[in-house]
Amino acid sequence: MSPELVWFKRDLRIADHSPLIAAAKRGPVLCLYIYEPELLSAEDFSRRHLVFINESLAALDESLRAIGSRLVLRCGEAVEVLSSLHQATGFQRIRAHQETTNGVSFARDKRVLAWAKAQGVEVVEYRQQGVARRLESRDGWAKQWQSFVVSPLVPAPRGLEDGSADLDSVGILAPEHFNLADDGLIEHQHGGEQEAHRVLASFLKTRSNGYIGGLSSPVTAWDACSRLSPYLTYGNVSMRTVYQRTALRKKERQKQRGNGDFQAKALTMFTERLAWHCHFMQKLEDEPRIEFENMNRAFDGLRDEAINREYYEAWARGQTGYPMIDACMRALIATGWINFRMRAMLVSFATQHLWLHWREPALHLARMFLDYEPGIHYSQIQMQAGTTGIAAKRIYSPIKQVIDHDPEGVFLRRWLPELQNVPNEYMAEPHKMPIEIQKLAGCLIGTDYPAPIVDHSTAYREARDKIQSASRAAKLQGESARVFERHGSRRKRGMRRKTGGSRQRSLF
């Protein structure tokens with residue numbers, strides 16, 4: 001009997017895994033993961049991504065072996081690998097989860113479907129996120145998302161009939177195998193299904209108490225945020241599992257302490273961000289070109305695609321002369337994570353203050369984010385760059401972010417040791433220190449720490465005026481109305497929660 005092939009991609013787990021449980025009911029199962037050089041060499045991929053993937057693969061293989069199977073690892077172009085396995089085993093069905101990811105994988109999927117059709121192989125795809133395929137209208141999207149996240153979870157198989165026979169497996173392939181260079185990662189969240197559930201449990205039990213007040217500051221966000229983003233990106237835990245576990249915990253807290261319980265309110269806020277997670281992914285599903293082009297075509301030509309390399313390199317290395325920008329970038333390089341407000345600020349600074357086209361900064365951040373999720377990434381990048389025409393015009397002040405979120409310089413001093421002895425009153429703008437204080441602090445501006453590469457007030461004003469002018473033109477052309485009809489939330493615009501903050505936010 002030929003095996004059912006379960007193709008693992010960005011769903012590296014065994015619990016709530018519909019393809020796996022469906023295949024298990026039919027007989028022997030061949031569990032496959034493919035190292036695809038075209039994906040691993042793509043301009044949005046980096047060493048840190050493979051480190052996390054490899055940790056997840058090792059954990060997945062261990063889980064599969066515990067129930068009688070194993071993970072077969074192959075390396076090569078997907079169609080070639082599948083064709084080879086088809087000749088060796090005669091499988092007649094591929095089961096996998098749907099993906100909404102980058103253009104390289106989208107093209108790959110189309111090639112696989114064409115090959116499967118030619119070979120008479122059935123491809124069965126299952127929904128993993130709250131993203132709808134071939135969506136005709138955004139009307140009613142929230143209801144269908146809710147229906148999906150409350151649908152029954154699929155238990156992990158208790159046992160599998162191994163269909164891998166004597167097939168060779170290349171084993172875990174290190175980043176060096178693919179010539180992936182060191183990208184500065186020093187410490188990071190580790191991959192794997194068990195680790196995902198540990199992080200989820202800690203958030204629901206205690207850490208969510210600090211969620212409402214702590215998610216905006218880079219000082220407190222490391223613990224206050226859920227930190228589930230990389231596990232959702234690589235499918236170490238499913239969206240349905242996170243939603244339903246959160247709903248259960250919220251219900252428990254309300255039963256114990258009433259509807260006014262602070263943690264229950266935080267969990268309500270968190271589940272709203274789960275919906276926003278899929279809302280933004282839906283944009284890329286509906287219009288894949290936004291990975292490469294302005295969502296609102298009326299903004300074409302607003303910025304030169306040939307960017308200022310000096311500005312870009314200073315921003316990408318954390319050497320702009322604005323401490324909050326530089327500390328956030330250096331923290332991101334070292335750890336693969338920074339909280340959402342600071343992510344938005346980094347994009348805003350690159351595209352507004354430095355007036356860089358969003359595409360190259362987006363690729364740099366994609367490589368740095370351990371939790372890089374293309375659907376969220378490009379939608380959010382364009383929103384912060386002001387090229388959607390339907391979102392609030394928001395230009396972050398890197399000076400105000402210090403005053404509001406790190407007035408004591410705790411986060412700044414950790415990641416900018418050259419500012420270690422700078423007095424608190426100058427942390428937001430160290431270039432304003434008198435020379436005597438610079439000497440006392442051991443921080444000479446222009447020598448030990450750079451002077452600002454642009455003037456904040458001037459850059460802010462010029463960017464605001466350009467964006468406002470382009471937005472008026474987009475509205476007159478009707479392009480903004482088109483974008484909203486296709487991508488806009490059907491919630492009332494400008495609506496705000498008592499829990500604080502705009503609804504136009506990300507989970508992470």
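Author: With a relative accessibility of 61%, alanine 165 counts as exposed, because the threshold for that class is over 50%. The model is a predicted one. Alanine 165 sits in the loop that runs between helix 6 and helix 7 (193–205). Its phi is positive, near 45 degrees, although the residue is not a glycine. Most residues other than glycine have a negative phi.

Arginine 134 also has a positive phi, of about 55 degrees, and is likewise not a glycine. Its place is the loop between strand 5 (122–126) and helix 6 (141–149). Arginine 134 counts as exposed, its relative accessibility being 73%.

Methionine 427 belongs to another loop, the one between helix 19 (410–415) and helix 20 (435–441). Methionine 427 has a relative accessible area of 0% and is therefore buried, the limit being under 20%. Beyond its neighbours within four places in sequence, methionine 427 is in contact with Pro323, Val402, Gly409, Leu412, Arg413, Leu419 and Val422.

The interior may be taken next. In soluble globular proteins, nonpolar side chains tend to be buried together. Here the largest nonpolar core has 113 residues, and Trp315 and Phe411 are the members that touch the most others. The greatest contribution to this core, nine residues, comes from helix 14 (residues 323–335). Leaving out residues up to four places away in sequence, tryptophan 315 touches Thr320, Ile325, Met329, Leu346, Phe349, Ala350, Leu354, Pro361, His364 and Leu365. Another core, of 19 residues, lies apart from the largest one and includes Leu30, Leu32, Leu85 and Leu167.

The axes of helix 15 (residues 340–353) and helix 18 (residues 398–405) come within 11 Å and cross at roughly 160 degrees. An angle over 145 degrees counts as roughly antiparallel, so that is how helix 15 and helix 18 are arranged. Their crossing is left-handed. Helix 15 contributes Arg341, Met342, Met345, Phe349 and His353 to the contact, and helix 18 contributes Pro398, Gln401 and His405. By class, four residues of this contact are nonpolar, three are polar and one is charged.

Note on methods: Residues are numbered from 1 along each chain as its sequence is written. This is a predicted model: local features need pLDDT of at least 70, side-chain atom pairs count only at pLDDT 80 or more; totals for chains, interfaces and linings use all residues. Side-chain values use heavy atoms; hydrogens and water are left out. Helices (H or I, at least four residues) and strands (E, at least two) are DSSP runs, numbered from the N terminus. Buried means under 20% relative accessible area, exposed over 50%, partly exposed in between (1.4 Å probe, protein chains only). Axes are lines fitted to C-alpha atoms, for helices over the stretch in contact, and angles run from 0 to 180 degrees between N-to-C directions. Angles under 35 degrees count as roughly parallel, over 145 as roughly antiparallel, 65 to 115 as roughly perpendicular and the rest as oblique. A crossing is left-handed if the near helix is turned anticlockwise from the far one by less than a right angle, and right-handed if clockwise. Contact means heavy atoms within 4.5 Å. Ala, Val, Leu, Ile, Met, Phe, Trp, Tyr, Cys and Pro count as nonpolar, Asp, Glu, Lys and Arg as charged, and the others, Gly among them, as polar. A nonpolar core is a set of buried Ala, Val, Leu, Ile, Met, Phe, Trp, Tyr and Cys residues joined through side-chain atoms within 4.5 Å.
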